[in-house]
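Here is a short briefing to read with the model open beside you. Take it topic by topic.

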There are 2 protein chains.
Amino acid sequence: MGAAAERVTEALRQDVLTGVLAPGSRLTEAALAERYGTSRVPVREAVRALAADGFLELRPNAGATVAAVPVDDLADLYAVRRVAEGITASRCAQRVAAGRAEGLVAELSGIVDAGFEALAQDRPAEGARLNAEFHAAVARGSQAQSMTMVLRRVSERIQWAYSTTVAQQGKRAWTEHRQIVVAIAAGNEVRAGQAMERHIERSRASFHTGVRER
Amino acid sequence: MGAAAERVTEALRQDVLTGVLAPGSRLTEAALAERYGTSRVPVREAVRALAADGFLELRPNAGATVAAVPVDDLADLYAVRRVAEGITASRCAQRVAAGRAEGLVAELSGIVDAGFEALAQDRPAEGARLNAEFHAAVARGSQAQSMTMVLRRVSERIQWAYSTTVAQQGKRAWTEHRQIVVAIAAGNEVRAGQAMERHIERSRASFHTGVRER
DNA sequence: GCGTCTCGGATTGTATACGTTCCGGATTTC
DNA sequence: GAAATCCGGAACGTATACAATCCGAGACGC
């Protein structure tokens, strides 16, 4: 993808995910082109890409609208995410045990340390970013391409629902992250998978509370 | 999406899924434009769409190549599919129990009947089509949009791996389909979900055998 | 007054033109 | 002889122009 197209795609994705462009908003290619300072061609590419990810709905010859936040599907998304992330964590442990994941443990440890630091300094935005980074790193490290693909979409949709409330990464989350890294570093695939599944499940539970509190 | 773009996307998808365009093949937009009788613009759209689904890999300014068939990820894909399809079947039963799924049971029953007929007449291609149709109908009927989206991608990737071997729908598959429909018709969400999960698991097992026999 | 039909503006869809980037081969140099 | 460099062609990336399609406002008829 060209530079402009990529830039527009990411900008538009952020604007949708953060709610700057509210669900139901009607988007015209011309307006987006002016908003992001480019022509309609890169805009088209971005719109198509986000529609494929389910963030936009588009009707033939009638433009695109921001889709509804998938609050009703949250439980489903978490169920899939739990399985998929359990697999990726398990694969990471396998690769470490086989000596084929040089640097992975160090990378994950670094993210966890940074996460605790963000927590101590009370910077929730940084913590949320590091949280996403951690799970993305596990997915990459698993070398399971299909799962990485599926997870990116699922996680983004969960994050989208999250964005309507206050996202907060508690101390427990980072403690659990650390436990997962320990299991991966030990090359224990069973424990790594189980630890990740429990982590996702608790994440779901705490989020569910947050939603109900609204 | 315009008519031309949609046509090219589906044609290209079929050509990749059926192996007409072998993995590793290098694709240029100009060549595809000529092949499908249109200009480069709809071709670009199709290429981008298939790349997003993981069928093509594209490097900036250097064109697209057909990706590798995800044989190594098959176990992972089946694990996700099992959970996701269990959920959709369960949702169908819920909706039937609530009286909100008028016509769904009839639709599913019709597909199952057709499947048995294709089986009796020994038309494996028709059987494979109906199999995909059955699972797609369950996904639609569940009204779980996120799961439908995830499942489409996962199922297509599984089908892709399948296509390199001989796809065959046995009698057992259609018997299981019928059991799933019965559970849905009864509005029994637990049994519907479990029946679907078992069905997917057996499907995976029989496919695994097929792969090893190659 | 309400429904329907038609027409005009607006927006998407496609084609073409041009600039930019990348890859591969030939040349040059060490 | 091998490696690095440079150059030419080819393909992608973006912009612009034009055609096809759709939606809504207004007029007309009932």
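Which residue just after α8(A) takes a positive phi? A:Gly187 does, at about 70°. This is a predicted model, where local features need pLDDT of at least 70, side-chain atom pairs count only at pLDDT 80 or more, and totals for chains, interfaces and linings use all residues. Residues are numbered from 1 along each chain as its sequence is written, chains are lettered from A and ligands numbered from 1 in the order in which they are written, and side-chain values use heavy atoms, with hydrogens and water left out.

**Helix α8**
- Helices (H or I, at least four residues) and strands (E, at least two) are DSSP runs, numbered from the N terminus.
- The 15 residues of α8(A) (171-185) should span 21 Å at 1.5 Å a residue, and the end C-alpha atoms are 21 Å apart, which agrees; the expected span is 1.5 Å times one less than the number of residues.
- Buried residues in α8(A) include A:Trp174, A:His177 and A:Ile180 (buried means under 20% relative accessible area, 1.4 Å probe, protein chains only).

**The sheet**
- In chain A, three strands make an open antiparallel sheet in the order β1-β3-β2; strands pair if DSSP finds at least two bridges between them.
- β1 (26-27) and β2 (56-58) of chain A stand at the edges with a single partner strand each, so one side of each is left without a neighbour in the sheet.
- A:Arg26 has A:Thr65 in β3(A) as its bridge partner.

**Two copies**
- Chain B superposes on chain A by a rotation of 180° with 0.0 Å of shift along the axis (RMSD 0.1 Å), fitted by least squares on the C-alpha atoms of residues with pLDDT of at least 70 in both.
- The two copies are thus related as by a two-fold rotation axis.

Terms used: Buried < 20%, exposed > 50% of the residue type's maximum accessible area, 1.4 Å probe, protein only.
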